[in-house]
Structure formats: C-alpha cells, structure tokens
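Two colleagues sit down to go through a model. Could you follow along and check each reply against the picture?

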Amino acid sequence: MTKEKRKDFIRIHNVSKHFGDFVAVDDVNLTIGQGELFSILGGSGCGKSTLLRMMAGFETPTGGTIEIDGVDVTALPPYERPVNMMFQSYAIFPHMNVEKNIAYGLRKDGIADNDITKRVDDMLGLVQLGDFRKRKPDQLSGGQRQRVALARALIKEPKVLLLDEPLAALDKKLREQTQFELMNIQDTLGITFVVVTHDQEEAMTLSTRIAVMEKGRFLQVGEPKEIYEYPRSRFVADFIGTINTFEGKVTAAHDDAITVSCPDVVAPVHALRDTDIDIGQEVCVAVRPEKIFISLEQPEDDGAVQIRGVVDDLGYLGNLSLYRIRLETGRMIQVSRQNRRRSAKRFVEWDDEVWVSWRPRSGVVITSED
Amino acid sequence: MATTGESKTWRRVTVAIPYLWLFIFFLLPFAIILKISLADPIIAQPPFTPTFDEQGGLSITIDNFLFLLTDKLYAITYLKSVVMAFSATVLCLLLGFPMAYGIAKTAPSVRSLLLLLIVLPFWISFLLRVYAWMGLLNNYGVINNTLMWAGIIDQPIQIMYTDFAIFIGLTYSYLPFMILPLYATLERMDLDLIEAAQDLGASRTQSFWDITWPLARPGVIAGCLLVFIPAMGEYVVPYLLGGPESLLIGRVLFDEFFVNRDWPLASAVAIVLLLLLVVPIVFMQRNDANLEAAE
C-alpha cells in the first residue's frame with residue numbers, strides 16, 4: 001500500500017460493452033499504475049469478467065479505448081497484446097505435460113530451444129513444480145494446476161497479467177497460502193496484475209487498489225483500507241464486510257463533524273464529515289460491527305454514541321463472537337467482539353440488557369442513494 | 001458373505017454377456033466362413049465339400065486363397081476398394097469436420113435441431129436414398145437437366161455408372177458416421193483452451209492445429225473407422241450407382257456368393273477383406289497409444 005505516485009500503465013477510457021440490449025460494461029474509466037496489484041471486485045454479472053476479457057482481447061468494446069503502456073490495444077487480437085491471462089478454469093492443455101504447457105507461449109514466439117528450456121526451468125522453480133514437469137494435467141492436484149496456469153501465463157513476461165478468479169477453485173487453507181505466494185511472485189517480477197474476483201477478502205489481502213463494480217460501473221476505486229473504512233455507498237459498505245446503517249437527517253454541521261438525528265438512535269450521531277453536506281439532508285450513518293462496543297453498564301465516555309439494547313442472538317466463531325442486538329426501536333444491529341480471554345462463562349447471555357456504544361469517529365456518513 | 005458371493009456371480013454374468021455375444025455373432029460366423037473358405041465348391045446342398053471326408057480325415061484346401069493371389073482381378077478390386085473407401089473417408093472428414101465444429105459451437109437450442117437434420121436421412125431406407133441419387137445423377141436427372149437449362153453444358157455429363165458416382169454415393173451415405181463422433185469430441189472441448197492458446201500468442205490457425213485438432217483426434221479416428229470399414233465392403237452403392245465395370249470388393253463378394261454360387265471362393269474373399277480391415281484398425285490404435293506414451 002505504497003502512497004507514491006505510480007506511472008499510469010493501463011488506461012481504460014470510456015469503455016462500454018453491450019450484448020444486444022444488455023449493457024455489461026457501462027462507460028467505464030480507469031487508470032492502473034505500473035506494478036500495481038489491482039483488483040476488480042463485484043458480484044456475478046457485474047461486468048468484471050467482460051472488462052477483463054476486453055483487456056485480454058477476447059471481446060471488442062462497443063465503445064471507448066484501452067491503452068497499455070502508451071499503446072492503444074483496443075483493436076489488437078489477443079495474440080498481439082502484451083498481456084497474458086490466467087483463466088478461471090485454468091485452461092491447461094490436457095494433451096500436453098506441465099513442461100509443454102508452460103513452454104507453449106515461448107514456442108509460439110519462436111524462441112530458441114535452449115533458451116526455452118532455461119526459462120521453463122526458472123519458471124518451474126518459481127512456482128515450485130520442478131518435480132512435476134513431465135506430469136500430465138490430469139495427474140495434478142487443484143493447487144498444482146493453478147500453478148501451471150500461473151507459470152504458463154507468466155513465462156512470456158507480459159506487461160500485464162490478467163487473473164480471472166485465480167483462487168476461486170481452491171479450498172480455503174490453500175487459498176490463503178496461495179494469496180501470499182501470488183503477492184510474492186508479483187513483487188519479485190514487478191508485473192502489473194489485474195485480478196477479477198467476487199471474494200472481498202481475497203481482494204482486500206491481495207490488492208494495492210480495488211475497484212468495486214456493480215451493474216457495469218465502478219462504484220468506488222481506492223486502496224483496500226479506504227474502501228473498507230470510508231465506503232462511499234451503501235452497496236460498497238455492504239459488499240466489503242458487514243456494516244450497520246442508520247438513516248437520518250442532518251441536524252447540525254460542525255467543522256469536522258456533523259450531527260445526524262436518526263429514528264433508531266435516540267441520541268444524535270456524530271460522524272466524521274467528508275463531503276459537502278447540507279443541514280436537513282437525508283443521509284445514512286454506517287458503523288462497522290467491530291467498532292461498536294458492548295457493555296453491561298452504561299459506558300462513562302460522554303462523547304460516545306450510546307444506545308440501549310437486548311442481546312437477541314450470539315454466535316461464537318472462535319477468534320471472535322458475533323452479537324445481534326435488538327435496539328429499543330426494534331432495529332437489529334450487529335456487533336463483533338474479539339475473544340481475548342478464555343473463559344467458560346460467556347461475557348453476555350441471550351436476553352441480557354446491554355449498552356452499545358461507539359466513538360463518533362467510527363461512523364461514516366454515506367450520502368449516496370445506492 | 002452371501003451377498004458378496006451373489007454380487008461376484010452377477011459380475012461374472014455381466015462380463016460374460018458381451019463375450020458371449022462376440023462369440024456367437026462374430027467368432028462363430030468367422031469360424032464357419034473360414035471353414036467354407038478351405039473347402040472345394042461342388043454342386044450340392046450345401047455347395048461346398050465337407051471339412052471331414054467319410055473316413056473322418058481332414059479334407060481342406062487353400063486353392064481359393066491361391067486363386068485370389070493368381071487372378072489379378074481380385075488384387076485390382078481390393079486395391080480399388082481401398083482407394084475408394086479411403087478417398088470417401090478423407091472427403092467425409094473434410095466435409096464433416098467443419099460441420100461438426102459448427103454444430104458444436106452453435107447455441108444449444110439450435111444444436112439439437114442441427115443434429116436432428118444430420119440423423120434425419122436415417123429415417124428413410126438406405127436403398128431408397130441411393131435410388132434417389134440415381135435420379136439426381138442420371139443423364140437426364142436433376143443435376144444434368146439443371147446444368148443444361150442454365151446453359152452451362154449442352155450435352156449431359158456421364159456421372160451415373162462411373163466411379164465418381166460411387167464416390168459421391170459413399171461420401172453421402174457415410175457422412176453422418178463421421179459427423180457424429182466428431183461432434184461428440186468437439187462439443188466437450190473447453191473453449192477456454194483455444195482462448196488460452198491465442199492469449200499465449202497462437203493465431204487462429206495455430207490454435208486449431210495445436211489444440212483443437214489433437215483434442216479432436218479420438219473423434220477423428222472413430223469417425224474414419226466408422227466410414228472406412230463399411231465403405232470398404234459396401235455393396236449397394238457400387239451396385240446401383242457404379243457401372244458394370246466398376247468392380248468393388250463388396251460387389252465381387254456378392255456375385256461370387258449368389259451369382260456364381262462359389263461359396264468357398266466368396267468366403268476366401270471375405271476373409272481377406274477382414275484382414276485388410278484389421279490392418280488400419282490396429283495401426284490407428286497403435287498410433288494412438290504411441291502418441292499417448294510420447295507425451
């Protein structure tokens with residue numbers, strides 16, 4: 001998450017893609033810097049894969065241009081673009097062994113045989129598949145196949161590597177491990193990665209920046225922390241993690257904060273101010289579950305937002321516990337709490353009367369209608 | 001234990017059924033044909049000498065096979081049949097591959113309709129379909145009349161009763177047998193593979209020869225065998241569309257059996273035909289196994 005300004009490398013300019021009446025990608029603009037590990041995050045059918053396929057050259061945009069390293073590639077066929085893609089299905093050639101799969105791209109470029117052997121060796125080392133070079137794809141595990149796909153896409157040293165749901169087919173443990181390997185490889189080679197994923201956790205861990213996509217448009221583009229802590233719309237807030245939202249009217253605006261009066265919260269909510277907000281405007285205050293404290297006694301912090309509630313449900317997840325609290329208005333909110341101590345007795349029980357509270361800085365004001 | 005014993009018996013029965021089938025309907029008739037091919041023709045019922053004479057001694061002869069070797073006509077006919085069946089197979093492959101590929105790549109709703117159209121001719125008797133070709137290929141048939149009406153030719157072209165007519169007839173008759181197995185392999189193929197090849201620098205032509213063709217090979221082999229084998233022994237097409245001098249082995253076989261009533265010679269012709277067919281099958285399978293091992 002480096003702050004330094006990177007050189008603009010990929011420029012997506014007013015790109016649209018229509019399939020008949022359906023608008024898959026709707027007039028999108030985006031610049032990705034050199035060496036970034038950029039994620040496009042969204043649910044299925046949001047247009048993220050179509051956008052990736054347009055970068056790879058498998059789809060022609062209905063409108064707009066795509067530029068990679070200063071060259072307009074919009075009209076170039078896939079085999080003439082300085083990009084390679086790792087497919088979600090891995091698309092490993094079933095009739096070739098690991099070695100031949102990896103060497104395929106170099107062979108198509110007419111590279112000398114001994115040079116190919118050397119580069120394949122290096123690549124096999126990088127993805128730790130040296131012992132499997134003669135294996136056929138059907139003799140490999142899911143994780144190994146994923147590495148073959150990665151090695152095959154990386155061996156041509158593309159300017160950009162496109163990854164379509166690179167980890168979706170792996171089980172959870174392997175996925176976590178592979179995430180870090182991907183990041184290491186990206187760091188070693190310095191190639192710009194563009195990842196398409198529906199998994200917000202994956203996007204959060206991997207990326208330097210994330211673009212959240214919905215209905216063919218970008219809702220927010222930013223660093224993972226920015227997207228998580230300062231979601232600009234309710235969709236983004238909801239898509240990345242869980243969030244409690246309180247609708248209300250702005251009653252007062254101060255230099256660094258505003259007061260919002262919400263029907264669910266008796267006391268006014270102080271939330272950090274970010275954009276221009278008028279008094280009387282309908283807004284939404286959003287607070288992450290882990291930023292809400294739960295206590296049996298009324299907290300002594302006067303500045304905090306405090307509400308009374310009843311424990312409706314609780315769930316023990318091991319490292320943390322989730323609580324669903326029913327407020328006096330009947331509204332449910334979610335609170336999470338780390339289980340720092342091991343104790344046989346639960347901290348609160350079902351139907352306990354509790355106080356929930358949060359620091360005014362913990363809330364975010366969302367003005368967007370989405 | 002009773003159940004395992006029972007399932008074991010059951011397993012044996014299921015395995016035995018195909019073997020029994022092959023034994024009764026392939027090996028046994030083959031043995032009978034082989035036995036007849038080693039006899040002498042006589043005018044009697046049945047029209048060949050018994051394998052064992054009255055004293056119980058073995059009475060066999062290889063005269064029939066020797067005759068096949070000495071009479072050049074048979075060698076030429078075999079060769080001609082191989083060439084004809086081979087060319088029809090190649091043409092079927094050239095026509096069938098794009099068709100199968102096209103069908104496999106269309107939307108599933110259209111696909112079943114196209115497949116139905118491929119299979120539709122089977123609803124009409126094979127004999128009738130070949131007859132229909134006579135109507136098309138005749139000197140005053142549809143093709144010649146159309147060409148003359150269009151002013152392209154002023155004399156009918158002789159197509160009917162030529163080898164070319166047989167070639168057309170064979171290709172037409174066996175094209176579906178090429179298309180169906182090809183379709184089955186192409187339909188299963190993952191389109192991502194072709195995109196991946198293109199992504200790695202292969203042009204459309206290269207991705208076809210690197211990916212599509214090798215992956216379609218099982219279908220190609222199956223299709224070629226399904227066309228070549230029956231085309232080799234085809235009798236109806238050369239009989240109806242070919243001229244009196246266009247002798248193919250299927251027709252010779254028929255004539256020896258039913259016209260000359262020389263069953264032993266006809267059986268010898270059939271045995272040699274079978275051997276000729278076994279060669280390409282074994283070759284194809286060996287080739288396939290070698291390729292598998294090499295990669």
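This is a predicted model: local features need pLDDT of at least 70, side-chain atom pairs count only at pLDDT 80 or more; totals for chains, interfaces and linings use all residues.

Colleague: How many helices and strands does chain A have?

Modeller: Helices (H or I, at least four residues) and strands (E, at least two) are DSSP runs, numbered from the N terminus. On that basis, chain A has 8 helices and 20 strands.

Colleague: What share of the residues of chain A counts as buried?

Modeller: A residue is buried if 20 or more other C-beta atoms lie within 10 Å of its own, exposed if 12 or fewer, and partly exposed in between; the C-beta atoms are placed from the backbone. Chain A has 370 residues, and the buried share is 38%.

Colleague: Among contacts in chain A between residues at least 6 apart in sequence, what share joins residues at least 24 apart?

Modeller: Two residues are in contact if their C-beta atoms, placed from the backbone, lie within 7 Å. For those contacts in chain A, the share is 64%.

Colleague: Is strand 9 of chain A enclosed or open?

Modeller: Strand 9 of chain A covers residues 209–214. Arg209(A), Ala211(A) and Met213(A) point one way, Ile210(A), Val212(A) and Glu214(A) the other way, and all are buried. In a regular strand, side chains alternate between the two faces of the sheet. Since 6 of the 6 residues are buried, strand 9 of chain A is largely enclosed by the rest of the structure.

Colleague: Which residue is the bridge partner of Ile40(A) in strand 9 of chain A?

Modeller: Two strands pair if DSSP finds at least two bridges between them. Strand 3 (residues 37–41) of chain A runs parallel to strand 9 of chain A, and 4 bridges join them. In strand 9 of chain A, the partner of Ile40(A) is Ala211(A).

Colleague: Which residue takes a positive phi in the hairpin of strand 9 of chain A and strand 10 of chain A?

Modeller: Strand 10 (residues 217–222) of chain A pairs with strand 9 of chain A in the antiparallel sense, over 5 bridges. Ile210(A) stands opposite Gly222(A) in strand 10 of chain A. The hairpin has 2 residues between the strands, and the residue with a positive phi, near 50°, is Lys215(A).

Colleague: Against which helices do the buried residues of helix 2 of chain A pack?

Modeller: Helix 2 (residues 98–108) of chain A is mostly covered, with 8 of its 11 residues buried. Among them are Val98(A), Ile102(A), Tyr104(A) and Leu106(A). The buried residues pack against helix 3 (113–126) and helix 4 (142–154) of chain A.

Colleague: Is Asp351(A) buried or exposed?

Modeller: Asp351(A) lies in the loop between strand 18 (332–338) and strand 19 (353–358) of chain A. Its phi is positive, about 65°, although Asp351(A) is not a glycine. With 9 C-beta neighbours inside 10 Å, Asp351(A) counts as exposed.

Colleague: How does Tyr161(B) count, with 19 C-beta neighbours inside 10 Å?

Modeller: Tyr161(B) is in the loop between helix 6 (142–149) and helix 7 of chain B. Tyr161(B) has a positive phi of about 60° and is not a glycine. Given its 19 C-beta neighbours inside 10 Å, Tyr161(B) counts as partly exposed.

Colleague: How are helix 7 of chain B and helix 9 of chain B oriented to each other?

Modeller: Axes are lines fitted to C-alpha atoms, for helices over the stretch in contact, and angles run from 0 to 180 degrees between N-to-C directions. The axes of helix 7 of chain B and helix 9 (residues 204–233) of chain B come within 8 Å and cross at roughly 160°. Angles under 35 degrees count as roughly parallel, over 145 as roughly antiparallel, 65 to 115 as roughly perpendicular and the rest as oblique. The two helices are therefore roughly antiparallel.

Colleague: Where is Pro46(B)?

Modeller: The peptide bond from Gln45(B) to Pro46(B) is cis, with omega near -5°. Pro46(B) sits in the loop between helix 1 (2–37) and helix 2 (63–70) of chain B.

Notes
Residues are numbered from 1 along each chain as its sequence is written. Chains are lettered from A and ligands numbered from 1 in the order in which they are written.
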